[in-house]
Amino acid sequence: MFKKLITSFLVITVIFNLVIVDKYTFAEFKEEVKAPINLIRNLDKNQYQIGEEFIISYTIQPQNLSIDNVYPEYYLKDKEIVLVMDVSGSMKDKINMNQSKEIIEIREHIEKITNILETKRIASIPVTFIRRNAVDIENMLKSIEENLESIKRNVGKVKVNNKKINKEIEDIDNNIASIRNNLKEIEVNKKVIKNIRKIRNSIRNIMESINKVKKFLKINKTTRIEAMKFVTKRFLEKLKDDDRVKVSLIPYDTRAWDSSYEGKEFADLSNNKHYNELIKDIDSLQPYGGTNIGDGLRKAYYKLKNSTNKSARKYLILMTDGEPTAYSFKNRMYYFGDGNNYYTWGGSIADYWDLKYAKLVGEKLIRKGGLEIKSFMIGFSNDTNLVKLKQIADSSGGYFKKAEDGDVLDEVYQSLADEICSDLPIHNVFFKETIPDGFEILSASEGLKVEDNTVIGNIGSITYKLDKERKEFIAEPIYFWIKVKANKVGKYQLGNIEGENKSYVSYKDIDGKERIRYFPVIDISVYETEPPILDAELIFETDSVNKVLNISVNEPSFIEVLYNDEVINTIDCREDSFEIDEIKEFMINLQQDIQNNSLIITATDLSGNKVIETVPYLCLDSINLEEYEHNDLERPVWLGLSTEENSIIEEILINGVKVQENKVTDKGVYAANVVLIDGLNEILVKARNQYNNIIYKTFRIDVDAKSPLIDTELKDFKLITNFDEKVEKVWLESDLNNDEVISEDEIFDNSNINILYNEINTKAEITLTEKFSNKQIKIKAKDLNGNIGFITLNLPKLNRIIGHGILVNGVQLKKYEDNSINIVNGYEVKFGIIFRIDSEADTLTLHLNKDRINKVKLLGELKFDIYIINEGSIVRKVTINQQDINIQSSDNEIIVNIDLGKYSDIFESKLLLVYTFRPLVENLDTEGLSILNRFSINDSVKDLEINIKPLPKIE
């Protein structure tokens, strides 16, 4: 079927081939399952004056991953966790920790506000965004205010630092009010640059106030062991309802020990008895002795190694507040075995041998012991000890996390719970950025380390979770930033240091392979004096060949617009007067056919500073529809979009409704999974490039999103099914084994049942078999464009035998409603049976006088014939070979077995068996006598009660 794709400048006719989108192709999934991850980095602008400070914002955006592209063994995994917990004597020391519900809730809302600011990349909010996205900024402010209200409700219950916290909240309110006032002035084009600077300052003030509130909340103190107990129980509470998670506890001081739960090595968190026993063990821990980290790791290794669940994901989480001060040995050698028959040495003072033992256990057992263990070492300690713990983590091939107080420890454990809950986890993504000479690195996101002109560090984990309704794995983006200062005039490229890209993230992918992804290169220019600030947007009006290019600039300049290296327009505002912070806008109507190339805009100011930027192109390269089962008028469609490298698809609106926003492209390519309605759809896509210039482009797509309507009627063993349009294929599905899963052998089409279509494929006759008796079935029909309609039926008990009675008028059967008939004693009567057979049931049994009533004599020779019938008339007689007939008879009983297995040409046809019957009962009284004739085909049975009556006397 042909559909129209209409853009504002071109009408293209395309054929919608029904193909599955393979934006990301997974060839052999068991061997190679890659997470589709897109990277981008953003600046508020690309031209800076020497001495200017600015933020580089980074986004790691995992794309959705279809469940069809991942084998179940990747995500349907049990998870075994060993909690290795330090209970040495130093764990009785005091530390900052808030355990009240109110403070925990305040911290949660602070985290939400922080996420809002980071998600919107507010630290480096571009001029373009502020000028054209006032509504989005207002929505952001409302979200902040909602969380702020929750904080205010709880602050009253915080006794210490209450006034300081309220002061910061008041400052946040004032900064939000200031942003709104600045937006109003920008709206009327009043002092735009100045107001934008004020908005940025207000946002930074909000972030500073939020960080101060976090510090003011660190008011209560508790012992380290009590803090550990608290965060561990919150960790377990988060995992409690996941029946795939099993947990074991290994406390350690000078030596380690473990526990069991009803004789099992791991506690099943979905088992309340196990869960409560584990909590009781945690509550009973008391601080004592030294710190034998190596022994805790050794015990944890054998706990995981000896588990009977070999396919489970293995996790080891070790927490310590200090460096190793003890080690285990046997026969004057370090002890690496599985058992309790060994000795320990050490106390409260650390030495070389303690650390070496811990590192060797990590290397020999955790990293090289034959198990794939994801280990996390959490340092609840000072920086000196943390260096040694980092060495142990590195020896173990694990990850190191720092927690300087109880609140941070809680955040670390909650984060780990989220990672472990993930269906497809990618742990600890490593980031590296090399900043060109000429810039000074001032600061970076928490967790990142600055070394000269390089920033490195672990930036978190990608946690894919299965959305069962959408049948996709979905992961949240990761945001982080670096603040730099321009110190030297020149032209630079982020991501290109002497011809080599040194901006990347590395991680172990879903399939266990190490992978590196590079950030796209960004151009940056640094000037002696302030360069012109350009701002451009290109709008493709729907159903119009005209394209509108809006350009704004903040100082007198000469502007050129180029396409394919040819100047197509100029703007000369060098003689114009500009007020301080004024921005002037210019509109150009373009006639050029702009396809797969960007516009280039240059602006040269009166000082000779020349700015070169691009305005992105935007193409709809493909429209792909998957086969889709539905009974509504909507259908998912994959749109293949392409634009400049290092660009963001900022918005996608379908028929006026925003459906996606802030989607990072993969080198300019993005596959958007959207839902379209039946008929014509208007799709508006907004893309923003590295210069924060924007393109708006509207596409029109006509889609067939109507699935076939199905009407069906059950007649005998046949479903007479009609459709309101031509269909390509019809099939049935039924959960025959009642396991709530439709397996391949429970899907029925022409390959395993009989389906006959009419000439134009608008009607199908589906012949059922007895296995569908009393079952729910789903009839599905696919039209020529991949829409799959369905109808669900609850079938009654199906009987292959349609009727059994006296034969009258050719093929008519006569009987009473109670399946009985009256005949005259001693007279021959012709009976008929209408039935069907198939490959699953092809043996007939006719049993005359089934109950062997002795008074009855069956006279004469049994005669029978079989015919094919149709529409009330006989089509032909079926010739049966004698060897396929078996008759057993006596004076009062006849049993006939007929094997029709060889007669496949009559399968599914309607058949008529005709037999003659002459019973005689001597001395029959006036009430008569009843006998039973039974006809059966496998489980299908039809009885006929025959009432033998005496011949009426006529007086």
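Lys and Arg count here as positive and Asp and Glu as negative, while His and the chain ends are not counted. The place of a charge is taken as NZ of Lys, CZ of Arg, CG of Asp or CD of Glu. By that count, the protein chain carries 129 positive and 154 negative side chains. The centres of the two sets lie 4 Å apart.

This is a predicted model, in which local features need pLDDT of at least 70, side-chain atom pairs count only at pLDDT 80 or more, and totals for chains, interfaces and linings use all residues. Residues are numbered from 1 along each chain as its sequence is written, and side-chain values use heavy atoms, with hydrogens and water left out.

Start with confidence. The pLDDT is the predictor's confidence in each residue, from 0 to 100. The protein chain averages 87. Of its residues, 94% score at least 70. Over residues 1-31, however, the pLDDT is below 50. Beyond near neighbours in sequence, that stretch has 90 contacts in the model. A contact means heavy atoms within 4.5 Å. Where pLDDT is low, the predicted coordinates should not be read in detail.

Now the overall build. The protein chain holds twelve helices and 66 strands. Both are DSSP runs, numbered from the N terminus: helices are H or I with at least four residues, strands are E with at least two. The radius of gyration of the chain is 40 Å, well over the 30 Å that the globule rule gives for 955 residues, so the chain is more spread out than a compact globule. That radius is taken over C-alpha atoms, and the rule is 2.2 Å times the number of residues to the power 0.38. Along its principal axes, the C-alpha trace spans about 130 × 85 × 55 Å.

Next, contacts and surface. Take the contacts between residues at least 6 apart in sequence: 72% of them join residues at least 24 apart. The protein chain exposes about 44,000 Å², and carbon and sulfur atoms supply 46% of that area. Accessible areas come from the Shrake-Rupley method with a 1.4 Å probe; for residues, only the protein chains shown count as cover. Buried residues make up 55% of the 955. Buried means under 20% relative accessible area, exposed means over 50%, and partly exposed falls in between (1.4 Å probe, protein chains only).

With those terms in hand, turn to single residues. Helix H10 covers residues 352-367 and includes Tyr-357. Tyr-357 counts as buried because its relative accessibility is 0%. Leaving aside neighbours within four places in sequence, Tyr-357 is in contact with Asn-292, Gly-294, Asp-295, Arg-298, Tyr-327, Ser-328, Tyr-334, Tyr-335 and Phe-336. Asn-881 is 524 residues from Tyr-357 in sequence, and their C-alpha atoms are 87 Å apart.

Gly-339 sits in the loop between S14 and strand S15 (343-346). Tyr-302 is 37 residues from Gly-339 along the chain, with 9.0 Å between their C-alpha atoms.

The loop between strand S13 (326-330) and strand S14 (333-334) holds Asn-331. Its phi is near 55 degrees, a positive value in a residue other than glycine. At 65% relative accessibility, Asn-331 counts as exposed. Asn-774 has a phi near 55 degrees too, again positive in a residue other than glycine. Asn-774 is in the loop between strand S50 (763-767) and strand S51 (776-783). Asn-774 is exposed, at 56% relative accessibility.

Lys-374 belongs to strand S16 (residues 373-379). Lys-374 counts as buried because its relative accessible area is 19%. Not counting residues up to four places away in sequence, Lys-374 touches Lys-314, Tyr-315, Leu-316 and His-427.

Tyr-563 is in strand S32 (residues 557-563). Its relative accessible area is 10%, so Tyr-563 is buried. Beyond residues up to four places away in sequence, Tyr-563 touches Ile-568, Asp-593, Ile-594, Gln-595, Asn-596, Asn-597, Ser-598 and Leu-599. Of these, Asp-593 is 30 residues away in sequence and 9.8 Å away, C-alpha to C-alpha.

Val-703 lies in strand S44 (residues 694-703). Val-703 is buried, with a relative accessible area of 1%. Asn-681 is 22 residues from Val-703 along the chain, and 7.5 Å separates their C-alpha atoms.
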